[in-house]
Amino acid sequence: MIAFEPTDDQKLMQESVASFAKTLRARSREFERDRAFPDDVRKTAHELGLGMVAVPEALGGAGLGLTTAALLEEEVAYGDPSAGFAFGGPGAFGTAVSELGNESQGKAWLAPFAGADGWSRFGAVAWGERRASAARAGMTTTATHRMGTWELTGEKAYVVNADRASNFVVFAQTQESAGWRGLGAFLVKKGTPGLRVLDRETTLGLDAVSFGGIKLDGVEVDESDRLAGGDDFNAALVRFFAKHALIVAARGVGLARAAFDVTREYCETRRAFGKPIGHFQAVAFTLADRSMDVDAARALVWRAAHSWDAKLAENHALLHTSHAIAFALEAAMRCGDDAVQLHGGAGFMRDYVVEKLMRDAKQLQLCAMTSAHADQLAASIELGRAIDPGEVLPSAESQSAFV
Amino acid sequence: MIDFTLTSRQQQVKEAIHGLALSVIRPECLKWDREHGIPPEFLRTLATLAGNMGSLAMMDRDGERASAAKSEAEGAPKKKSQVNLTSIIAAEEMAWGDGGLLLCLPGPGLGGPPVRGSGTPEQKARFMGIFRDMTAGGELKWGAYALTEPGAGSDVAGIRTSCRKDGAHWVLNGRKCYITNGARASWNCVFATIDPTLGRAGHRAFVVEKGTPGFSIGRIEDKMGLRASETAELVFEDCRVPEENLLGGEERYVTKEGFMTAMKTFDNTRPLVAAMAIGIGRAAYEYARDFVKSNYALARHTARYSAIAERLARVGRQLDAARMVTWRAGWMADEEIPNAKEASTSKALAGQAAIRACIESIEICGAEGTIARDHQLLEKWFRDIKVYDIFEGTGQIQRVVISKRLFADLKSF
């Protein structure tokens, strides 16, 4: 039966995460300056269980499903949009291992994140590359099979938490002639000979998150550490991106709501021409539009998350998810943009949080999946075309995204 | 819990109406559009069908309420009837078939909510009772809601139709316009004022029956779209309405209730209108999608494919976003949570998304899309949809409603 109300358990979790997130907002300039979250904050996040909400119980997670994860991710991002990425925990790595790996790989590689020292661990996904190959479709990083061992060579970019991660999922071309349908995924530990972590980049927004890359020079990976993706690697690959991007979309909802709330309050107190600026139609209507954005984005994210939890047919879940991703990421950007706009000159100053939220929104739009890729995914499903990873996933050939 | 699963009844209603829309409504709707009306025999068949199906939800919200109340009285655990959500789901499906038909359906229409919400028990029995036998073969009847005037639309407080007490009657003078089913209605719920300077406090609502002395029908409008639906002008010249037709009785108007009667109607109907808009928008979207599928999505890659695919997807997700907020507004109504802001949100988003869907769909189909001979439905939806961002409060008015909920002390602009 259609209902828009979290369960009592979910509400309790939301409340405790919301009060934690409040402390994040107060310190967000500190995290931005330090370009990281301090240990005490990360320990608290770990105690709240924030890193493993949707990871299946069999793999050491809480197994609470994507709906609960989306609810909590929104609250965390409301405090600070960087937090969800920078707290530590398995993150995108966890989603990749659960979707692409088998159960024993999942257990072995995700269990350490559940331990008491889990807060100090990061995982990362090395997907992106800086340049596309002019000669053929697919990745320039290659994986060559030699007697039970894979040899990985190439350079990966746009890797979230590259310099913090102890474990990576690395994507590479296994069949050169198969283009984007010829990829493989490999589990690699930090410190493996031939693996070098590249310098961290400075970015427009989400400063407390680390964005970087890795270089692989003949890194050897055992066959047992290849993530086969079950029966259908490409389907599992798209599922990984969709679920991960849905979490990012939930963060987008939190960011959008934060920008909206701060701005609404400002427009109620800031006066001009003898009344609060919010009492002018041009200002009020802009806020009304952003309020609709927040509500619609949240409803789409909930429905998409529920589609996975309720085990709808994969194409339906993917369609709902792509709608949520594309809408929420764009809504977050509009909310960030209008937040600065309605603050006027003050919004441009770093005294107010809104300029940070606007920069964060743009950075967030380029994480996991872009709106354009989500739209391509929706169109493939609706037009009955086979889902082509080269068309629906971010890449150097179309538009890159941080994963 | 958070859930998006339709109940089995909602699924049934949706499928039944979809089947009807596909096999009966779509093939006929162009004719209705040309001939400015739907044959009574068709409406009769539909009413009988609704009776057989145990009410089509859309047509018999009272029946649904009554059966919920009955099972409760019989000691069954209180079951949530989700009457608003079910109507929303039904409305989208019906409008997917034809928007005009939905407005032509017999029943109290928009006149229902104020009579139900503000009428005395005696008035409710008298005015709602006339619809009871329709599904059992009785005469088809309509109710209507008359608020808008030539000089006052969105600014409801500015209505000028006057009323004054004269013995056991009220005497009404003025004009109402753009009234859906106003001419054929057995009764109109008419808003008038005892004194325009009193603003909302001066408002009175009457049930004016067909044949009341001094009440006549003015012009029937010629419209851009929804041409199967009747839109009438009502004229009141010393129209004498019996005092027992003052909605709610005189004591009700000691407070500001009069105006609230007019406004309360919209919290429940805006999501319903939003759902209708989504139904039409979805029809256009699916049409364009199928056109792209069979014309542009060829075995070989065409350069324009991705651009068109993304455009289509954007339309699809905007409709989907509107649908989700509409469901939420309906769910809140069912849960009896105040939903004025959410109702306006659904209406504003759905109106916009559906208009975009109709405009983009024609454009996606290209020159081909405007050729009436082959693509008459597309052309019709384009004409039909525009008014959905206008009636029941324009998109701008919805933003006024939302703004007032964002700023507590905002009285007006």
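Helices α8(A) and α9(A) cross in a left-handed manner. A crossing is left-handed if the near helix is turned anticlockwise from the far one by less than a right angle, and right-handed if clockwise. This is a predicted model, in which local features need pLDDT of at least 70 and side-chain atom pairs count only at pLDDT 80 or more, while totals for chains, interfaces and linings use all residues. Residues are numbered from 1 along each chain as its sequence is written, and chains are lettered from A and ligands numbered from 1 in the order in which they are written.

The angle between α8(A) and α9(A) is about 155 degrees, and their axes lie 8 Å apart. That makes the pair roughly antiparallel (under 35 degrees is roughly parallel, over 145 roughly antiparallel, 65 to 115 roughly perpendicular, the rest oblique). Axes are lines fitted to C-alpha atoms, for helices over the stretch in contact, and angles run from 0 to 180 degrees between N-to-C directions. The contact of α8(A) with α9(A) has 15 nonpolar, 6 polar and 5 charged residues. Here Ala, Val, Leu, Ile, Met, Phe, Trp, Tyr, Cys and Pro count as nonpolar, Asp, Glu, Lys and Arg as charged, and the others, Gly among them, as polar.

Helix α8(A) also takes part in the contact between the chains. That contact takes 40 residues from chain A and 38 residues from chain B (C-beta atoms, placed from the backbone, within 7 Å). On the side of chain A that touches chain B, the elements giving two or more residues are β1 (3–4), α7, α8 (281–309), α9 (314–343) and α12 (371–382) of chain A. The largest share of this side, 14 residues, comes from α8(A). By class, the residues of this side are 22 nonpolar, 10 polar and 8 charged.

The largest nonpolar core holds 217 residues, and L246(A), V301(A), A328(A) and A354(B) touch the most other members. A nonpolar core is a set of buried Ala, Val, Leu, Ile, Met, Phe, Trp, Tyr and Cys residues joined through C-beta atoms within 7 Å. Helix α7 of chain A (residues 233–269) gives the most to this core, with 21 residues. Leaving out residues up to four places away in sequence, V301(A) touches A70(A), L246(A), A249(A), A250(A), V253(A), A324(A) and A328(A). A second, separate core has 32 residues, including L147(B), W170(B), L172(B) and V241(B).

Chain B contains 12 helices and 8 strands. Helices (H or I, at least four residues) and strands (E, at least two) are DSSP runs, numbered from the N terminus. Of the 413 residues in chain B, 49% are buried (20 or more other C-beta atoms, placed from the backbone, within 10 Å; exposed at 12 or fewer; partly exposed in between). Among contacts in chain B with a separation of 6 or more, 76% join residues 24 or more positions apart.

Helix α10 of chain B (residues 340–365) packs against two helices described here. Its angle with α9 of chain B (residues 305–334) is about 155 degrees, with axes 8 Å apart. The helices α9(B) and α10(B) are therefore roughly antiparallel. Their crossing is left-handed. Their contact comprises 16 nonpolar, 4 polar and 5 charged residues.

With α12 of chain B (residues 395–406), α10(B) makes an angle of about 150 degrees, and the axes are 9 Å apart. That makes α10(B) and α12(B) roughly antiparallel. The crossing of α10(B) and α12(B) is left-handed. From α10(B), the contact draws on A340(B), K341(B), S344(B), T345(B), K347(B), A348(B), G351(B) and Q352(B). From α12(B) come G395(B), Q398(B), R399(B), V401(B), I402(B) and R405(B). This contact has 4 nonpolar, 6 polar and 4 charged residues.

R356(B) also belongs to α10 of chain B. R356(B) is partly exposed, with 18 other C-beta atoms within 10 Å. Residues up to four places away aside, R356(B) touches V315(B) and Q318(B). Q318(B) is 38 residues from R356(B) along the chain, and their C-alpha atoms are 8.9 Å apart.

Two non-glycine residues of chain B have positive phi. For H36(B), phi is about 55 degrees. H36(B) sits in the loop between α1 (8–35) and α2 (40–52) of chain B. H36(B) is partly exposed, with 14 C-beta neighbours inside 10 Å. For Y178(B), phi is near 55 degrees. Y178(B) lies in strand β4 of chain B (residues 169–180). Y178(B) is partly exposed, with 19 other C-beta atoms within 10 Å.

Terms used. Contact = placed C-beta atoms within 7 Å.
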